[in-house]
Amino acid sequence: MKKIRTEDAVGHVICHDMTQIIRGVTKDARFRKGHIVAAEDIPVLLSMGKDYLYVWEKQEGMLHEDEGARILCDLCKNEHMEESGIKEGKIELSAASDGLFAFDAARLEKLNALGELMIAARSNHLPVKKGDKLAGMRVIPLVIAKEKLDAAKAIAGTEPVMRILPYKQKKCGIVTTGNEVFHGRIKDTFSPVVAEKLGEYGGQGMGVTSCGDDPKNITAAIKAFLADGAELVVCTGGMSVDPDDRTPAAIRDTGARIISYGAPVLPGAMFLLSYLGGVPIMGLPGCVMYAKRTIFDLVLPRVMADDPVTAQDLAKLGNGGLCLGCEPCRYPNCGFGKGGV
(Lines give C-alpha, C1' and ligand atoms only; values in the text may rest on other atoms or scores of the structure.)
Protein backbone atom coordinates (compact mmCIF):
# COMPACT_ATOMS: atom_id res chain seq x y z
CA MET A 1 0.00 0.00 0.00
CA LYS A 2 0.96 3.60 -0.36
CA LYS A 3 -0.52 6.83 1.02
CA ILE A 4 -1.50 9.51 -1.50
CA ARG A 5 -3.53 12.73 -1.56
CA THR A 6 -7.17 12.06 -2.36
CA GLU A 7 -7.09 14.61 -5.20
CA ASP A 8 -4.37 12.47 -6.82
CA ALA A 9 -6.18 9.13 -6.40
CA VAL A 10 -8.10 8.87 -9.68
CA GLY A 11 -7.40 5.46 -11.21
CA HIS A 12 -5.96 4.00 -8.03
CA VAL A 13 -7.41 1.04 -6.12
CA ILE A 14 -8.65 1.47 -2.55
CA CYS A 15 -7.20 -1.06 -0.09
CA HIS A 16 -9.98 -1.14 2.51
CA ASP A 17 -13.69 -0.43 2.96
CA MET A 18 -14.65 3.18 3.68
CA THR A 19 -17.83 3.86 5.65
CA GLN A 20 -19.98 6.90 5.01
CA ILE A 21 -22.24 8.08 7.82
CA ILE A 22 -25.10 10.44 7.11
CA ARG A 23 -27.28 10.79 10.18
CA GLY A 24 -30.73 9.35 9.63
CA VAL A 25 -29.84 8.28 6.10
CA THR A 26 -27.02 5.76 5.95
CA LYS A 27 -24.17 4.12 7.78
CA ASP A 28 -22.57 1.73 5.33
CA ALA A 29 -19.50 1.16 3.22
CA ARG A 30 -19.61 3.88 0.57
CA PHE A 31 -16.51 2.54 -1.15
CA ARG A 32 -15.48 -1.10 -0.96
CA LYS A 33 -12.01 -2.56 -0.88
CA GLY A 34 -10.85 -2.88 -4.45
CA HIS A 35 -12.86 0.09 -5.74
CA ILE A 36 -11.09 2.02 -8.50
CA VAL A 37 -11.34 5.73 -7.72
CA ALA A 38 -13.11 7.84 -10.36
CA ALA A 39 -13.09 11.62 -10.70
CA GLU A 40 -16.65 11.88 -9.38
CA ASP A 41 -15.60 10.02 -6.21
CA ILE A 42 -13.20 12.75 -5.09
CA PRO A 43 -15.79 15.21 -3.64
CA VAL A 44 -17.53 12.35 -1.83
CA LEU A 45 -14.29 11.11 -0.30
CA LEU A 46 -13.35 14.60 0.82
CA SER A 47 -16.82 15.04 2.40
CA MET A 48 -16.12 11.85 4.35
CA GLY A 49 -12.98 13.43 5.79
CA LYS A 50 -10.61 11.45 3.59
CA ASP A 51 -7.85 13.89 2.63
CA TYR A 52 -5.50 10.96 2.07
CA LEU A 53 -6.10 7.41 0.87
CA TYR A 54 -4.25 4.15 1.16
CA VAL A 55 -4.17 2.63 -2.31
CA TRP A 56 -2.72 -0.44 -3.90
CA GLU A 57 0.72 0.13 -5.29
CA LYS A 58 0.77 -1.92 -8.48
CA GLN A 59 3.70 -4.27 -8.65
CA GLU A 60 5.12 -6.19 -11.56
CA GLY A 61 3.74 -9.73 -11.66
CA MET A 62 0.72 -8.95 -9.45
CA LEU A 63 -2.91 -8.69 -10.56
CA HIS A 64 -5.85 -6.86 -9.02
CA GLU A 65 -8.75 -9.04 -7.80
CA ASP A 66 -10.96 -7.79 -10.64
CA GLU A 67 -8.38 -8.88 -13.21
CA GLY A 68 -8.15 -12.28 -11.54
CA ALA A 69 -11.93 -12.73 -11.48
CA ARG A 70 -12.06 -11.83 -15.16
CA ILE A 71 -9.54 -14.57 -15.97
CA LEU A 72 -11.40 -17.17 -13.88
CA CYS A 73 -14.69 -16.28 -15.57
CA ASP A 74 -13.16 -16.71 -19.01
CA LEU A 75 -11.84 -20.14 -18.02
CA CYS A 76 -15.31 -21.30 -16.95
CA LYS A 77 -17.79 -19.71 -19.33
CA ASN A 78 -19.20 -21.16 -22.55
CA GLU A 79 -21.36 -19.46 -25.17
CA HIS A 80 -24.68 -20.30 -23.49
CA MET A 81 -23.87 -18.40 -20.30
CA GLU A 82 -24.23 -14.77 -19.24
CA GLU A 83 -22.03 -13.01 -16.72
CA SER A 84 -22.72 -10.34 -14.15
CA GLY A 85 -20.64 -7.24 -13.73
CA ILE A 86 -17.64 -7.43 -11.43
CA LYS A 87 -18.61 -6.52 -7.87
CA GLU A 88 -16.10 -6.64 -5.02
CA GLY A 89 -13.85 -8.81 -7.15
CA LYS A 90 -16.60 -11.36 -7.89
CA ILE A 91 -18.34 -12.44 -11.11
CA GLU A 92 -21.41 -14.66 -11.32
CA LEU A 93 -22.56 -16.75 -14.27
CA SER A 94 -26.17 -17.50 -15.21
CA ALA A 95 -27.84 -19.58 -17.92
CA ALA A 96 -28.56 -17.82 -21.21
CA SER A 97 -30.84 -20.69 -22.28
CA ASP A 98 -32.55 -23.78 -20.93
CA GLY A 99 -30.23 -26.76 -20.91
CA LEU A 100 -28.00 -29.08 -18.96
CA PHE A 101 -25.40 -27.43 -16.71
CA ALA A 102 -22.27 -29.57 -16.66
CA PHE A 103 -18.68 -29.06 -15.60
CA ASP A 104 -15.41 -30.96 -15.42
CA ALA A 105 -15.33 -31.83 -11.72
CA ALA A 106 -11.66 -32.86 -11.80
CA ARG A 107 -10.50 -29.55 -13.29
CA LEU A 108 -12.75 -27.57 -10.94
CA GLU A 109 -11.26 -29.33 -7.92
CA LYS A 110 -7.71 -28.66 -9.13
CA LEU A 111 -8.48 -24.99 -9.66
CA ASN A 112 -9.88 -24.57 -6.17
CA ALA A 113 -6.88 -26.43 -4.72
CA LEU A 114 -4.53 -23.70 -6.01
CA GLY A 115 -5.46 -21.43 -3.13
CA GLU A 116 -6.14 -17.67 -3.11
CA LEU A 117 -8.96 -18.12 -5.62
CA MET A 118 -12.32 -19.85 -5.62
CA ILE A 119 -15.00 -21.06 -8.03
CA ALA A 120 -18.33 -22.20 -6.58
CA ALA A 121 -20.87 -23.96 -8.81
CA ARG A 122 -24.29 -25.55 -8.63
CA SER A 123 -24.52 -29.32 -8.78
CA ASN A 124 -23.11 -31.01 -11.84
CA HIS A 125 -25.35 -32.34 -14.64
CA LEU A 126 -28.24 -30.19 -13.46
CA PRO A 127 -31.19 -29.22 -15.68
CA VAL A 128 -31.49 -25.43 -15.57
CA LYS A 129 -33.75 -22.74 -16.97
CA LYS A 130 -32.75 -19.52 -18.67
CA GLY A 131 -31.71 -17.01 -16.01
CA ASP A 132 -30.78 -19.57 -13.36
CA LYS A 133 -27.62 -18.77 -11.41
CA LEU A 134 -24.84 -21.26 -12.18
CA ALA A 135 -21.55 -20.28 -10.56
CA GLY A 136 -19.51 -17.54 -8.97
CA MET A 137 -15.79 -16.93 -8.89
CA ARG A 138 -13.38 -14.53 -7.25
CA VAL A 139 -9.84 -13.99 -6.05
CA ILE A 140 -9.56 -14.10 -2.24
CA PRO A 141 -6.92 -11.38 -1.58
CA LEU A 142 -7.00 -7.91 -3.09
CA VAL A 143 -4.03 -8.79 -5.28
CA ILE A 144 -2.75 -12.11 -6.54
CA ALA A 145 0.42 -13.26 -8.26
CA LYS A 146 0.07 -13.53 -12.03
CA GLU A 147 1.81 -16.90 -11.92
CA LYS A 148 -1.10 -18.25 -9.85
CA LEU A 149 -3.53 -17.32 -12.63
CA ASP A 150 -1.13 -18.75 -15.19
CA ALA A 151 -1.32 -22.04 -13.28
CA ALA A 152 -5.13 -21.82 -13.40
CA LYS A 153 -5.00 -21.35 -17.17
CA ALA A 154 -2.77 -24.40 -17.51
CA ILE A 155 -5.23 -26.52 -15.51
CA ALA A 156 -8.26 -25.27 -17.44
CA GLY A 157 -6.73 -25.87 -20.85
CA THR A 158 -8.44 -24.77 -24.04
CA GLU A 159 -12.02 -25.92 -23.30
CA PRO A 160 -14.37 -24.14 -20.85
CA VAL A 161 -14.50 -25.80 -17.45
CA MET A 162 -18.29 -25.31 -17.44
CA ARG A 163 -20.92 -25.77 -20.12
CA ILE A 164 -24.57 -25.26 -20.80
CA LEU A 165 -25.68 -27.93 -23.25
CA PRO A 166 -28.99 -26.96 -24.87
CA TYR A 167 -31.52 -29.75 -25.23
CA LYS A 168 -31.95 -31.34 -28.65
CA GLN A 169 -35.35 -31.69 -30.28
CA LYS A 170 -35.03 -35.46 -30.37
CA LYS A 171 -37.51 -37.73 -32.12
CA CYS A 172 -38.62 -40.16 -29.42
CA GLY A 173 -40.37 -43.50 -29.69
CA ILE A 174 -42.07 -45.31 -26.78
CA VAL A 175 -42.40 -49.10 -26.65
CA THR A 176 -44.93 -50.32 -24.10
CA THR A 177 -44.60 -53.91 -22.92
CA GLY A 178 -46.96 -56.11 -20.98
CA ASN A 179 -49.72 -58.44 -22.23
CA GLU A 180 -52.19 -56.79 -19.87
CA VAL A 181 -51.84 -53.53 -21.83
CA PHE A 182 -51.49 -55.19 -25.24
CA HIS A 183 -54.74 -57.13 -24.82
CA GLY A 184 -56.61 -54.15 -23.37
CA ARG A 185 -57.11 -55.65 -19.92
CA ILE A 186 -55.85 -52.43 -18.31
CA LYS A 187 -55.33 -48.90 -19.51
CA ASP A 188 -51.80 -47.81 -20.38
CA THR A 189 -50.91 -45.26 -17.69
CA PHE A 190 -47.15 -45.61 -18.15
CA SER A 191 -46.48 -44.13 -21.60
CA PRO A 192 -48.36 -40.83 -20.89
CA VAL A 193 -46.03 -40.19 -17.95
CA VAL A 194 -42.99 -40.88 -20.11
CA ALA A 195 -44.29 -38.72 -22.97
CA GLU A 196 -44.84 -35.80 -20.58
CA LYS A 197 -41.30 -36.03 -19.22
CA LEU A 198 -39.84 -36.26 -22.72
CA GLY A 199 -41.79 -33.15 -23.68
CA GLU A 200 -40.26 -31.18 -20.82
CA TYR A 201 -36.92 -31.42 -22.61
CA GLY A 202 -38.15 -30.85 -26.16
CA GLY A 203 -38.72 -34.47 -27.11
CA GLN A 204 -40.86 -34.96 -30.23
CA GLY A 205 -43.16 -37.95 -29.84
CA MET A 206 -43.22 -40.52 -32.64
CA GLY A 207 -46.03 -42.47 -31.04
CA VAL A 208 -46.43 -45.48 -28.78
CA THR A 209 -46.12 -49.11 -29.85
CA SER A 210 -47.70 -51.71 -27.57
CA CYS A 211 -46.26 -55.16 -28.16
CA GLY A 212 -46.93 -57.37 -25.15
CA ASP A 213 -44.31 -59.53 -23.47
CA ASP A 214 -42.87 -61.35 -26.49
CA PRO A 215 -39.21 -60.27 -26.65
CA LYS A 216 -39.14 -60.68 -30.43
CA ASN A 217 -41.99 -58.20 -30.77
CA ILE A 218 -40.27 -55.76 -28.39
CA THR A 219 -37.04 -55.99 -30.39
CA ALA A 220 -38.95 -55.48 -33.64
CA ALA A 221 -40.76 -52.42 -32.23
CA ILE A 222 -37.48 -50.82 -31.18
CA LYS A 223 -35.94 -51.46 -34.59
CA ALA A 224 -39.00 -50.05 -36.34
CA PHE A 225 -38.65 -46.77 -34.45
CA LEU A 226 -34.95 -46.65 -35.28
CA ALA A 227 -35.67 -47.28 -38.94
CA ASP A 228 -38.08 -44.32 -38.88
CA GLY A 229 -35.34 -42.03 -37.54
CA ALA A 230 -35.84 -42.22 -33.79
CA GLU A 231 -33.10 -40.47 -31.80
CA LEU A 232 -34.24 -41.97 -28.50
CA VAL A 233 -36.30 -45.09 -27.75
CA VAL A 234 -37.83 -45.72 -24.33
CA CYS A 235 -39.25 -49.08 -23.28
CA THR A 236 -41.71 -49.15 -20.40
CA GLY A 237 -42.09 -52.07 -18.04
CA GLY A 238 -40.86 -55.65 -17.99
CA MET A 239 -37.61 -54.67 -16.27
CA SER A 240 -37.59 -56.83 -13.14
CA VAL A 241 -35.83 -60.18 -12.71
CA ASP A 242 -39.09 -62.14 -12.94
CA PRO A 243 -39.00 -64.84 -15.63
CA ASP A 244 -41.77 -63.15 -17.62
CA ASP A 245 -40.04 -59.77 -17.69
CA ARG A 246 -38.27 -59.86 -21.04
CA THR A 247 -37.46 -56.24 -21.88
CA PRO A 248 -33.71 -56.31 -21.04
CA ALA A 249 -33.15 -59.33 -23.31
CA ALA A 250 -35.21 -57.71 -26.07
CA ILE A 251 -33.10 -54.54 -25.93
CA ARG A 252 -29.91 -56.60 -25.99
CA ASP A 253 -31.16 -58.47 -29.05
CA THR A 254 -31.29 -55.23 -31.04
CA GLY A 255 -27.49 -55.25 -30.97
CA ALA A 256 -27.37 -52.31 -28.57
CA ARG A 257 -24.33 -51.83 -26.35
CA ILE A 258 -25.54 -52.19 -22.76
CA ILE A 259 -24.10 -49.49 -20.51
CA SER A 260 -25.75 -50.80 -17.38
CA TYR A 261 -28.67 -52.94 -16.30
CA GLY A 262 -29.28 -51.70 -12.78
CA ALA A 263 -28.44 -48.39 -11.11
CA PRO A 264 -27.75 -47.44 -7.45
CA VAL A 265 -30.80 -45.18 -7.32
CA LEU A 266 -34.10 -45.54 -5.49
CA PRO A 267 -36.62 -45.33 -7.01
CA GLY A 268 -35.21 -46.81 -10.22
CA ALA A 269 -32.82 -49.66 -9.42
CA MET A 270 -33.96 -51.81 -12.36
CA PHE A 271 -33.11 -49.17 -14.98
CA LEU A 272 -31.32 -50.13 -18.20
CA LEU A 273 -29.32 -47.81 -20.45
CA SER A 274 -27.87 -48.79 -23.81
CA TYR A 275 -26.75 -47.20 -27.07
CA LEU A 276 -27.17 -48.45 -30.61
CA GLY A 277 -25.28 -46.48 -33.23
CA GLY A 278 -25.25 -43.50 -30.88
CA VAL A 279 -29.01 -43.67 -30.23
CA PRO A 280 -29.94 -44.18 -26.54
CA ILE A 281 -32.34 -47.01 -25.75
CA MET A 282 -33.69 -47.10 -22.21
CA GLY A 283 -35.60 -49.67 -20.24
CA LEU A 284 -37.67 -48.03 -17.51
CA PRO A 285 -38.78 -49.81 -14.34
CA GLY A 286 -42.37 -49.52 -13.16
CA CYS A 287 -41.58 -46.89 -10.50
CA VAL A 288 -41.31 -44.24 -13.23
CA MET A 289 -45.07 -44.61 -13.70
CA TYR A 290 -46.00 -43.53 -10.16
CA ALA A 291 -43.02 -41.97 -8.35
CA LYS A 292 -42.50 -38.23 -8.80
CA ARG A 293 -38.74 -38.50 -9.30
CA THR A 294 -36.67 -41.51 -10.27
CA ILE A 295 -33.50 -42.52 -12.10
CA PHE A 296 -35.25 -41.40 -15.31
CA ASP A 297 -35.20 -37.78 -14.11
CA LEU A 298 -31.45 -37.98 -13.47
CA VAL A 299 -30.48 -39.52 -16.80
CA LEU A 300 -33.02 -38.00 -19.21
CA PRO A 301 -31.64 -34.40 -19.18
CA ARG A 302 -28.17 -35.69 -20.07
CA VAL A 303 -29.50 -37.86 -22.87
CA MET A 304 -31.58 -35.00 -24.29
CA ALA A 305 -28.50 -32.75 -24.26
CA ASP A 306 -26.33 -35.35 -26.02
CA ASP A 307 -24.13 -35.73 -22.96
CA PRO A 308 -23.01 -39.41 -23.04
CA VAL A 309 -23.69 -41.36 -19.85
CA THR A 310 -21.19 -44.04 -18.82
CA ALA A 311 -21.38 -46.95 -16.42
CA GLN A 312 -19.10 -45.00 -14.08
CA ASP A 313 -21.48 -42.03 -14.19
CA LEU A 314 -24.33 -44.28 -13.10
CA ALA A 315 -22.23 -45.92 -10.37
CA LYS A 316 -21.49 -42.50 -8.87
CA LEU A 317 -25.20 -41.81 -8.44
CA GLY A 318 -25.32 -44.05 -5.37
CA ASN A 319 -23.97 -41.08 -3.39
CA GLY A 320 -27.19 -39.08 -3.16
CA GLY A 321 -29.22 -41.66 -5.09
CA LEU A 322 -31.93 -42.10 -2.46
CA CYS A 323 -34.98 -39.93 -3.12
CA LEU A 324 -36.70 -38.95 0.13
CA GLY A 325 -40.06 -38.30 -1.53
CA CYS A 326 -40.34 -34.83 0.00
CA GLU A 327 -43.66 -33.00 -0.04
CA PRO A 328 -43.68 -30.68 -1.81
CA CYS A 329 -41.10 -32.03 -4.25
CA ARG A 330 -38.25 -29.54 -4.78
CA TYR A 331 -36.32 -31.40 -7.47
CA PRO A 332 -33.90 -30.43 -8.99
CA ASN A 333 -33.19 -28.10 -6.06
CA CYS A 334 -32.51 -30.93 -3.64
CA GLY A 335 -29.90 -33.57 -2.90
CA PHE A 336 -31.37 -36.34 -5.07
CA GLY A 337 -28.66 -37.64 -7.39
CA LYS A 338 -26.24 -34.85 -6.50
CA GLY A 339 -23.65 -36.52 -4.26
CA GLY A 340 -21.58 -38.32 -6.84
CA VAL A 341 -21.91 -36.21 -9.97
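**Exercise 1.** Determine how many residues the largest nonpolar core has, and which elements contribute to it.

*Solution.* A nonpolar core is a set of buried Ala, Val, Leu, Ile, Met, Phe, Trp, Tyr and Cys residues joined through side-chain atoms within 4.5 Å; buried means under 20% relative accessible area, with a 1.4 Å probe and protein chains only. In this predicted model, local features need pLDDT of at least 70 and side-chain atom pairs count only at pLDDT 80 or more, whereas totals for chains, interfaces and linings use all residues. Residues are numbered from 1 along each chain as its sequence is written, and side-chain values use heavy atoms, with hydrogens and water left out.

Step 1: the largest core has 34 residues, and Leu-232, Met-282 and Leu-284 have the most contacts inside it. Step 2: the elements giving two or more residues to this core are strands S14 (171-176), S16 (232-236), S18 (272-276) and S19 (279-284), together with helices H6 (191-200), H9 (287-290) and H10 (295-304). Helices (H or I, at least four residues) and strands (E, at least two) are DSSP runs, numbered from the N terminus. Step 3: H10 supplies the largest share, seven residues.

**Exercise 2.** State how many residues of H10 are buried.

*Solution.* Ten of the ten residues of H10 are buried, so this helix is largely enclosed by the rest of the structure. Among them are the charged residues Asp-297 and Arg-302. After H10 comes Asp-306, with a positive phi near 60°.

**Exercise 3.** Describe how H2 and H4 pack.

*Solution.* Step 1: the axes of H2 and H4 (residues 146-156) are 10 Å apart, at an angle of about 5°. Axes are lines fitted to C-alpha atoms, for helices over the stretch in contact, and angles run from 0 to 180 degrees between N-to-C directions. Step 2: H2 is therefore roughly parallel to H4, a class for angles under 35 degrees. Step 3: Gly-68, Ile-71, Leu-72 and Leu-75 of H2 meet Leu-149, Ala-152, Lys-153 and Ala-156 of H4, contact meaning heavy atoms within 4.5 Å. Step 4: these residues comprise six nonpolar, one polar and one charged.

**Exercise 4.** Is Asn-78 buried or exposed, and where is its place?

*Solution.* Step 1: Asn-78 is in the loop between H2 (65-76) and strand S6 (81-83). Step 2: its relative accessible area is 9%, so Asn-78 is buried. Step 3: leaving aside neighbours within four places in sequence, Asn-78 is in contact with Pro-160, Met-162, Arg-163 and Ile-164. Step 4: a polar atom of the Asn-78 side chain lies 3.3 Å from the backbone oxygen of Ile-164.

Note on methods
Buried means under 20% relative accessible area, exposed over 50%, partly exposed in between (1.4 Å probe, protein chains only). A polar contact is a pair of N or O atoms within 3.5 Å; within protein, one must be able to donate a hydrogen and the other to accept it, and residues adjacent in sequence count only if both atoms are side-chain atoms. Angles under 35 degrees count as roughly parallel, over 145 as roughly antiparallel, 65 to 115 as roughly perpendicular and the rest as oblique.
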